[in-house]
Amino acid sequence: MGISLGTLFGILAGVGLLLYNIVAKAPDLAIFIDTGSLLMVVGGTMAATFIAYKEVYVIQALKGILQIFKSLKIDKKTLVGDVEKIIEWGKIIETGGIRELEKQFDEKELENPVMKFSMDMVFAGEKSELIYKETKNLIESEAMRRSVPVDILNTMASYAPAFGMAGTLIGLVILLSNLADKDSIGIGMAIAIITTLYGVIFANLILKPTAAKLEQYNGIQRFRDLLILEGVSMLPNKPDPYYIQNHLNSYLNPKFHFDSAEG
């Protein structure tokens, strides 16, 4: 995986816009920095999340924040490559049978869990229907597991503004209890509101975008897994390579249809 330029640009642009508005309009940058407010938002959000979910899943969700900076290496070339391989396997099976494919099969292909699971059943002589059913269960189970961090991050995004508001209310209580000191009212109000600002930024610049990006990654991975499933599950029936090609092309953008199978 390389660096996700889109994620990097988004983070830099978001932070840049915030800093620009602060520098351009604020008389004193120090009023936007308050450690207690930051701890209230981040610490409160984390505390509530650990209460709501098992710690192992929370840690996975937090790792997801770093994961979005890595680009997912599944693109049109990857999908077309998968289609090409499966068509070639179909050609081998058509002429030499499954045992011949097993002899020629590249073990590196088994690094993909879905490919390994389904091809193991092909080589074991299982029927197409069983391969499809069991591999589909694997794909959906994996997709469900990958969706857990997404749900947690979305939950955290709902907690952050709430704790920001809680910090603001605490600040207002302290402020109202000290109304006799009129000179401190403006500063006290600013510090009280800054907690809400932290909560909104934390939720909308980090947590929600991270959840959305992970959900997109999961969808792309699931699509590739299903494409592999559609092709591999056909192999035991020894279909014509043209049939495999046309069936798998139906899942791809017409601009990227694979066209090299020979009848």
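Residues are numbered from 1 along each chain as its sequence is written, and side-chain values use heavy atoms, with hydrogens and water left out. In this predicted model, local features need pLDDT of at least 70 and side-chain atom pairs count only at pLDDT 80 or more, while totals for chains, interfaces and linings use all residues.

**Overall build**

The protein has 8 helices and 0 strands. Its order along the sequence is α-α-α-α-α-α-α-α. Helices (H or I, at least four residues) and strands (E, at least two) are DSSP runs, numbered from the N terminus.

The radius of gyration is 27 Å, whereas a compact globule of 263 residues would have one near 18 Å. That radius is taken over C-alpha atoms, and the globule rule is 2.2 Å times the number of residues to the power 0.38. Along the principal axes, the C-alpha atoms fill a box of roughly 95 × 35 × 25 Å.

Of the 263 residues, 37% count as buried. Buried means under 20% relative accessible area, exposed over 50%, and partly exposed in between (1.4 Å probe, protein chains only). Contact means heavy atoms within 4.5 Å. Among contacts with a separation of 6 or more, 77% join residues 24 or more positions apart.

**Nonpolar cores**

A nonpolar core is a set of buried Ala, Val, Leu, Ile, Met, Phe, Trp, Tyr and Cys residues joined through side-chain atoms within 4.5 Å. The largest has 32 residues; Trp89, Leu101, Met119, Val232 and Leu235 touch the most other members.

Apart from it lies another core, of 18 residues, among them Val41, Ile68, Val150 and Leu153.

**A buried serine**

Ser37 sits in helix H2 (residues 35-52). Ser37 counts as buried because its relative accessible area is 4%. Leaving aside neighbours within four places in sequence, Ser37 is in contact with Ile191, Ile194, Thr195 and Tyr198. Ser37 and Thr195 are 158 residues apart along the chain, yet their C-alpha atoms are separated by 4.8 Å.
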